[in-house]
There are 2 protein chains.
Amino acid sequence: MTASDLRRTILDSAVAHVAEHGPDSLSFRRLAQAAGVSHQAPYHHFSDRRGIFAAIGAEGFAMLLDAMRGALDADADADADDPATALLASYVEFALEHRGHFRVMFRPDLCSYDESDPPHSGGQAFDTLVDFVRSDLGPGASIDDVRARATAMWSLAHGLATLLIDGPLEHRIGPVAERRRFIRAVAHQSGLTDLGRPVTA
Amino acid sequence: MTASDLRRTILDSAVAHVAEHGPDSLSFRRLAQAAGVSHQAPYHHFSDRRGIFAAIGAEGFAMLLDAMRGALDADADADADDPATALLASYVEFALEHRGHFRVMFRPDLCSYDESDPPHSGGQAFDTLVDFVRSDLGPGASIDDVRARATAMWSLAHGLATLLIDGPLEHRIGPVAERRRFIRAVAHQSGLTDLGRPVTA
DNA sequence: CCACGCGACTGGACAGTGTCAACTCGGCCC
DNA sequence: GGGCCGAGTTGACACTGTCCAGTCGCGTGG
């Protein structure tokens, strides 16, 4: 086991636990025990118990940013969604596939990311969305409309993701194919996926 | 102190703590100490630590149901929102005003409500939303459209609420008046507040 | 009147947890 | 070789949730 391999091992183990049981029951000591080291070894890689969650959150935001950019870049595909639908779906599907990360990312009591740290991937992800909305609405749109519409898109995706993961919706939608269709139906019903309606207040 | 007054005291204290510091740092023993009783007294009113969260969650869903029904009933007012906007806003404003409850309600690891218990207020709240969407879309709408649109409304409200409470949005919107306007601007940007766009797939 | 049960509550104990502190050990650079 | 530093160890401490056995007051049936 090379140096800082333990860090990766513990991180993966923590993510798996969070995905299955949630963050609260995660035990620092049990992680160490599972990795076969003493109960203090993780402290050389994470300052705190919260340090683990901070690492998971940062990793998760980086992955989310990748997923969103990938969704926007893949629009050349033949049977692709329109960009807005692709963006929304990428968010929700990322959350479903990486719920171990997602459950931590928006829990500031666990992983507090300070906004003063500009290159944070979470901010970049939101900027990606804002840029898309701005170019989608065209130059005539006011900054308030852009901001409100970007927030609406983020809210829709975020709400659907959390309701599917932790809420009472999950067991109502079946396998992956059905799930993909349901996500797109919800996005379509939201009125945020195309520009068929006026946007100025 | 009359009987089961301790229960109310502990519940209020717990809600206040959750609203300020989140659920995880809530200490059963500290609640008892703050109430001036022994560390075992709460066990006579709550089976578990999770029992407290279950009580908070159930209370919260009942309050949410009240708020949503109130929003739909108040449409006779002069300067009122349209019903869909009122419904969305009532959800978000409930979450902001009662974040101590809201933070617990959608955490099944803390407060698991089994769907087999039909009179649960959470199910009734969702049913209220579905009924509204059905009557809003009219009899021609398919059940899939109704389900998808209701989910979209719930997702938008839920996502905006959680992003405002726990996410990076809160400090960007100012006092209550501004906040009210922002919530409505976000709702308006979606196509969920009026019927100006086609709904069939 | 009195024993009885029972609900509300107390105190002690136990395992498990996060974290501080001191210590050991191997490799690396000057 | 001497010193340093990262990685890991053991030990201790306060705190937590929870199990268990009690104590106290009060209403009720004999």
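The paragraphs below explain how two chains of this predicted model are arranged and where they meet. Local features require pLDDT of at least 70 and side-chain atom pairs count only at pLDDT 80 or more, while totals for chains, interfaces and linings use all residues. Residues are numbered from 1 along each chain as its sequence is written, and chains are lettered from A and ligands numbered from 1 in the order in which they are written.

Chain A is divided into domain 1 (1–46) and domain 2 (49–190), with bounds taken from an automatic or database domain assignment. Their contact takes 10 residues from domain 1 of chain A and 13 residues from domain 2 of chain A; two residues are in contact if their C-beta atoms, placed from the backbone, lie within 7 Å. On the domain 1 side, helix 1 (residues 5–21) of chain A supplies the largest share, six residues. Helices are DSSP runs of H or I with at least four residues, numbered from the N terminus.

Between the chains, the contact takes 37 residues from chain A and 38 residues from chain B. Helix 7 (143–166) and helix 8 (176–190) of chain A each give two or more residues to the side of chain A that touches chain B. The largest share of this side, 16 residues, comes from helix 7 of chain A.

A rotation of 180° with 0.0 Å of shift along its axis superposes chain A on chain B, with RMSD 0.1 Å, by least squares on the C-alpha atoms of residues with pLDDT of at least 70 in both. This is the relation of a two-fold axis. In chain A, the C-alpha of G159(A) is nearest the axis, 1.7 Å from it. Because 100% of the interface residues of chain A are also interface residues in chain B, the copies meet through the same surface.
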